[in-house]
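Hi there,

Here is the structure I promised to pass on to you.

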Amino acid sequence: MSEPVRDFYEGLAEEYHLLFANWAQTVERQGATLDALLRRSGAPPPRRVLDCACGIGTQALGLAGRGYVVHATDLSPSAVARAEREARVMGVHLTTGVADMRTLDVQVSGAFDVVVAFDNAIPHLLTDEDLDAAANAMVAKLVPGGLLALSVRDYDLLVAQQPRFTSERVLDAPEGRRILFQVWDWATDGRTYKVHQFILRPEGSGWQATEHTGVYRALQRVEVERALTRAGLVDTRWYAPEETGFYQPILTGRRL
């Protein structure tokens, strides 16, 4: 799991912001959305948050800007370095580190009121052993009564549909025009799929194309819940996008 996932995000780190019409606005909007969820769950700022799949900081920066004490980690050193740069640009404070979510308990010190892993990070765990290891490690970093929050694609629906192509998006932004789309190659058993993320940008009289490939596991909701329950979480609850304003379903649970 580690090398392919790390390579995917290493390659995407400098282009990740291009997936959004306005990444800075996305950071602000998602920070507000998650702040509202954490307040509803009894964890308002200045609670200590571990974002263990921080990427370039989409959620970590938004939460830090709203008064949370954030430690942001990721498997990709380039993504973590980008998050550090963006924090300086945005004038927010957070601490960072490179860590595998399966071994947070040995790679990250201290305990946290909240642990988050958003943007469909958990489905990179392709085996039950990896999923259990990550669940145990995340729960181990929570204080008693602490909150874990994850977001994943709605695989209960996607497994039945097995889409092959995501509709293209044409974005006109200060960084210039770009066209985004994904091609999905499903395994025969429908349990995993390979995503090819394409980014097209004008270059001279033509277009420049970059492609980033990642593999995901189509985790059903019950599979995620069972892993977290085995790790010691209680009071698990799913939130639909229409409840939170976040673009993916969110699962929360508490450590005993």
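Below is what turned up, going from a sheet to a single serine and then to an annotated span.

Please keep in mind that this is a predicted model. Let's begin with the open sheet, which has four strands in the order β6-β7-β8-β9, paired antiparallel. Its edges are β6 (165-171) and β9 (206-217), and each of these pairs on one side only. From one strand to the next, the twist averages 15 degrees. If you are new to sheets, the general idea is that strands pair through backbone hydrogen bonds, either parallel or antiparallel. Here, β8 (residues 192-203) and β9 are joined in the antiparallel sense by twelve bridges. One place to look is E203, whose bridge partner in β9 is G206. You will also see helix α1 (residues 2-12) lying across β8 and β9, at about 150 degrees to β9.

Next, where is S76 found? It sits in the loop between β2 (69-74) and α4 (77-90). Is S76 buried or exposed? Its relative accessibility is 0%, so S76 counts as buried. The S76 side chain reaches the backbone nitrogen of A79 at 3.0 Å. Leaving aside neighbours within four places in sequence, S76 is in contact with R6, Y9 and E10.

Finally, the record: an unreviewed UniProt entry gives the annotation "domain: Methyltransferase" to residues 49-146. In the model, that span is 39% helix and 24% strand, and its end C-alpha atoms lie 10 Å apart.

Enjoy exploring, and write back with any questions!

Best wishes

Note on methods
Residues numbered from 1 in each chain as written. Predicted model: local features only at pLDDT ≥ 70, side-chain atom pairs only at ≥ 80, totals over all residues. Heavy atoms only, no water. Helix = DSSP H or I, 4+ residues; strand = E, 2+ residues; numbered from the N terminus. Buried < 20%, exposed > 50% of the residue type's maximum accessible area, 1.4 Å probe, protein only. Polar contact = N/O pair within 3.5 Å; in protein donor to acceptor, adjacent residues only side chain to side chain. Contact = heavy atoms within 4.5 Å. UniProt positions renumbered as here; feature names shortened; annotations may be inferred. Pairing = 2+ DSSP bridges. Axes fitted to C-alpha atoms, helices over the stretch in contact; angles between N-to-C directions.
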